[in-house]
Amino acid sequence: MEIGFIGLGLMGRPMALNLAKAGHHLHLWARRAAALEPFKDTGARTHASPAEVARHAQVVLTCVADAPDVEQVCLAAGGIAESGKRGLIVSDSSTIAPAAARHIGERLSAQGIVFLDAPVSGGAVGAVNATLTFMVGGDAAAFETVRPLYEKMGKSVTHVGASGAGQVAKACNQIVVAITMEAVAEALTFAKKSGVDGAKVRAALLGGFAYSRILEHHGGKMLERDWKPGFKAWMQQKDLRIVLQSAHELGLALPGAAAVAQMFNAMVGCGLGEEDNMAVVKLVERLGGIAQ
Amino acid sequence: MKLGFIGLGVMGRPMALNLVRAGHELSVYARRAQAAQPLLDAGARCCPSPAEVAAAAQVIFAMVTTGDDVEDIAFGQRGILEGARPGSVLVVTSTIAPAQARAIGERLAAHGIEMLDAPVSGGERGAIEASLAIMVGGKAEVLDRVRPLLDALGKTVVHVGATGAGQVAKACNQMIMVACIEACAEAMALAARSGVDPGRVRQALSGGSAASRVLDFFGTKMVERDFAAGVQARLHHKDFGILMNEAVHLGTPLPVVAQVWQQLNALMAHGWGRDDTSSLLRVLEGLAQPCGCP
């Protein structure tokens with residue numbers, strides 16, 4: 001199968017490399033030429049526009065930042081829609097608002113192009129190790145066509161429902177992840193301010209009901225003070241904006257998510273936006289008057 | 001002076017009437033023709049589109065609901081742009097996002113039309129009594145030209161800063177006001193749950209440090225369980241959507257306001273959007289009720 005891939009950032013690059021490693025022939029486009037460098041020896045072909053990529057592929061995967069970027073790649077001049085290729089499948093792994101995904105899907109379907117929203121969870125580590133979780137919304141037959149590709153990039157692949165349902169699942173995922181991240185940060189800071197060894201607390205908690213992958217992985221990194229980004233704070237802020245704006249439109253109160261979103265507003269405001277989202281622990285420490 | 005007024009709702013109608021009473025020649029436009037009737041009775045002239053209003057006026061007021069509504073009357077078909085002469089002034093009294101106010105101002109400036117963002121606070125009563133607080137963003141010399149008009153609408157007119165600054169001030173106003181309504185609701189709920197008369201509590205508080213115009217007005221509505229709209233809660237909900245999005249772009253944490261926003265979401269879910277924002281009390285009461293759900 002000829003596969004297009006657009007968006008070779010922190011997540012997209014390892015995802016595309018895993019497809020290349022599995023023997024797939026890739027067609028690429030990137031805004032910055034440097035992003036194409038890691039694909040030099042994979043036999044991938046580079047094109048001048050997303051439309052050119054679409055002309056050469058049966059499936060185009062995208063992984064960009066936000067809804068305006070997806071719209072740009074899909075619907076702007078030189079975008080995928082311009083290829084006018086009926087039956088083409090576009091699978092977008094960006095995290096955008098469910099309503100935006102449905103809207104883009106409708107616009108593409110007018111050109112006979114099938115759009116799947118296929119956001120992922122698992123961070124850069126999951127992308128590199130091909131252990132991502134895919135949450136997919138859209139046409140079931142198109143999903144079955146793309147499934148083998150998802151399985152090369154991830155471990156858990158679920159067709160959640162109709163167009164937009166993948167993004168709804170991702171929003172749910174971010175509610176749980178962001179609040180848990182804050183909970184782990186608060187617990188470890190509570191231990192620290194109480195004069196108790198956070199590492200021992202974490203070890204104790206890992207055996208009980210407070211166990212979570214976030215306590216294990218991110219809790220460990222918080223203790224080591226290793227802020228190298230898997231998932232950057234500004235992206236968490238963006239995802240929580242999507243969650244809360246959707247809740248606003250739905251008429252749904254999310255007090256916990258709203259509280260945590262304020263911490264991520266502060267992260268970006270104080271210049272920690274490029275660090276991993278687990279660096280939120282620094283703000284909890286700052287609020288608690290703990291010198292860093 | 002020849003003036004125009006677009007948007008004759010709960011706020012716009014009394015504001016427009018005050019301009020007519022101040023002796024100005026007023027041309028009006030409203031989407032629903034019957035909204036203009038009280039103005040026509042007072043001697044205003046009705047126009048079929050914003051363009052005609054703009055053609056007949058030196059200063060045009062807009063009091064519509066959303067930023068997109070403002071864009072529509074300014075740049076849409078038969079919009080202000082099609083009728084306005086260079087040098088005329090658009091005064092936007094709607095509450096919209098600061099960034100959108102700036103963008104609209106720039107687009108108008110390219111055609112030689114001045115814009116002030118001049119959102120108001122004080123509710124329907126303030127509009128009727130011409131006692132509104134008006135917060136203005138834009139050029140000082142443009143404000144000087146229209147200040148006598150604003151003085152006919154409100155009691156305090158403050159030049160806050162450049163275009164958009166009026167909207168920033170309005171966002172600050174909404175944050176304090178609705179957070180204060182929520183605080184009053186929580187106090188009333190605590191009093192009632194304690195078996196103490198909320199009316200007496202409100203009365204006692206009004207002499208002390210917790211006294212505020214919100215406690216006075218909205219507190220009384222809560223005590224009397226009069227949830228009919230002074231200000232429709234859906235408009236506060238709309239404003240909170242705008243300002244919380246602004247907080248994301250600015251990287252500013254707003255912990256309390258974010259919680260109040262969630263209470264407003266719950267209020268909307270109960271279908272009380274067209275009732276008064278004092279309905280925040282009913283949201284709390286609902287949460288504390290024994291749950292009959294399975």
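A: Happy to. Where the chains meet, 20 residues of chain A are in contact with 20 residues of chain B, two residues being in contact if their C-beta atoms, placed from the backbone, lie within 7 Å. On the chain A side, the elements that give two or more residues are α10 (233–250) and α11 (255–269) of chain A. The largest share of that side comes from α11(A), with 10 residues. By class, the chain A side has 12 nonpolar, 7 polar and 1 charged residues. Here Ala, Val, Leu, Ile, Met, Phe, Trp, Tyr, Cys and Pro count as nonpolar, Asp, Glu, Lys and Arg as charged, and the others, Gly among them, as polar.

A few reading notes before we go on. This is a predicted model, in which local features need pLDDT of at least 70 and side-chain atom pairs count only at pLDDT 80 or more, while totals for chains, interfaces and linings use all residues. Residues are numbered from 1 along each chain as its sequence is written, and chains are lettered from A and ligands numbered from 1 in the order in which they are written. Helices (H or I, at least four residues) and strands (E, at least two) are DSSP runs, numbered from the N terminus.

Now for the nonpolar core, meaning a set of buried Ala, Val, Leu, Ile, Met, Phe, Trp, Tyr and Cys residues joined through C-beta atoms within 7 Å. A residue is buried if 20 or more other C-beta atoms lie within 10 Å of its own, exposed if 12 or fewer, and partly exposed in between, with C-beta atoms placed from the backbone. In the largest core, with 192 residues, V280(A), A16(B), V28(B) and L90(B) touch the most other members. Helix α9 (residues 165–193) of chain B gives the largest share of this core, 12 residues.

Take V280(A) as a way in. Leaving out residues up to four places away in sequence, V280(A) touches M181(A), E182(A), A185(A), M263(A), F264(A) and M267(A). M181(A) turns up again beside H218(A), which is in contact with M181(A), V184(A) and M278(A) once neighbours within four places are set aside. H218(A) lies in helix α9 (residues 213–224) of chain A. H218(A) is buried, because 27 other C-beta atoms lie within 10 Å. Between the C-alpha atoms of H218(A) and A54(A), 164 residues apart along the chain, there is a separation of 38 Å.

A44(B) sits in the loop between α2 (37–41) and β3 (45–46) of chain B. Not counting residues up to four places away in sequence, A44(B) touches A16(B), V20(B), L26(B), S27(B), V28(B) and L39(B). With 23 other C-beta atoms within 10 Å, A44(B) is buried.

In α4(A), P98(A), A100(A), A101(A), I104(A), G105(A) and L108(A) are buried. Seen down the axis, these buried residues fall within an arc of 160 degrees, so they line one face of α4(A); the arc is that of the directions from the helix axis to the C-beta atoms. Their cover includes α3 (67–75), β5 (89–92), β6 (114–117), β8 (132–137), α7 (165–193) and α10 of chain A.

Chain A has 12 helices and 9 strands, while chain B has 14 helices and 9 strands. Of the 292 residues of chain A, 51% count as buried; in chain B, buried residues make up 49% of 294. The C-alpha trace of chain A spans about 65 × 45 × 35 Å along its principal axes, and that of chain B about 65 × 45 × 40 Å. Among contacts between residues at least 6 apart in sequence, those joining residues at least 24 apart make up 65% in chain B.
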